[in-house]
Amino acid sequence: NHLMLIDLSDLEVSGKDAEIALGLAGITVNKNTVPKEKRSPMVTSGIRVGTPAVTTRGMGIEESKWIADRIADVIEDFTNEEKLNTIKQQVHDMCGRFPIYPDYQL
């Protein structure tokens, strides 16, 4: 499993704002400081993205690219609640195709 740090230093969005917006869009990340951090540790200029939730579900390269595109969409328009809700539904649909316990039936 790997972690990736995304540096948002050159963007308007802070790590804290990105964490909140992505959470509203159904994508869990954590705010994180970056090298040469200019914002406070409570705000940060980066986000940390992990892969365990993706790989555990059996998602692969194409799904990872799709998720990266959705992360970029949220970061580019992090205050657009309508867009965040649309992406949340898309994320929900994607996760439905890759259940955590595929052999479990209700």
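A salt bridge is a side-chain nitrogen of Lys or Arg within 4 Å of a carboxyl oxygen of Asp or Glu. In this predicted model, Lys83 forms such a bridge with Asp77, the closest N and O atoms lying 3.9 Å apart. Lys83 is partly exposed, with a relative accessible area of 26%, and Asp77 also counts as partly exposed, at 26%.

The structure holds 3 salt bridges. Another one joins Glu62 to Lys65, with 3.8 Å between the closest N and O atoms. Both residues belong to helix α3, where they are 3 residues apart, about one turn of the helix. Glu62 is exposed, at 53% relative accessibility, whereas Lys65 is partly exposed, at 47%. Arg70 pairs with Asp73, the closest N and O atoms being 3.0 Å apart; these two residues are likewise separated by about one turn of α3. Arg70 counts as buried, at 14% relative accessibility.

Helix α4 covers residues 81–97 and reaches 25 Å from its first C-alpha to its last, close to the expected 24 Å. At the start of α4, a side-chain oxygen of Asn80 comes to within 3.2 Å of the backbone nitrogen of Glu82. Leu84, Ile87, Val91 and Met94 of α4 are buried. These four lie on the same side of the helix because they cover an arc of only 80° around its axis. Glu81, Glu82, His92, Gly96 and Arg97 are exposed on the other side. The cover over the buried residues of α4 includes α1 and α3.

The largest nonpolar core has 22 residues. Two or more of its residues come from each of α1, β3, α3 and α4. Leu22, among the residues with the most contacts inside the core, touches Ile27, Val29, Ile47, Ile71 and Val74, residues up to four places away in sequence not being counted.

Note on methods:
Residues numbered from 1 in each chain as written. Predicted model: local features only at pLDDT ≥ 70, side-chain atom pairs only at ≥ 80, totals over all residues. Heavy atoms only, no water. Expected span 1.5 Å × (residues − 1). Buried < 20%, exposed > 50% of the residue type's maximum accessible area, 1.4 Å probe, protein only. Arc of directions from axis to C-beta. Contact = heavy atoms within 4.5 Å. Polar contact = N/O pair within 3.5 Å; in protein donor to acceptor, adjacent residues only side chain to side chain. Core = buried A, V, L, I, M, F, W, Y, C linked by side-chain atoms within 4.5 Å.
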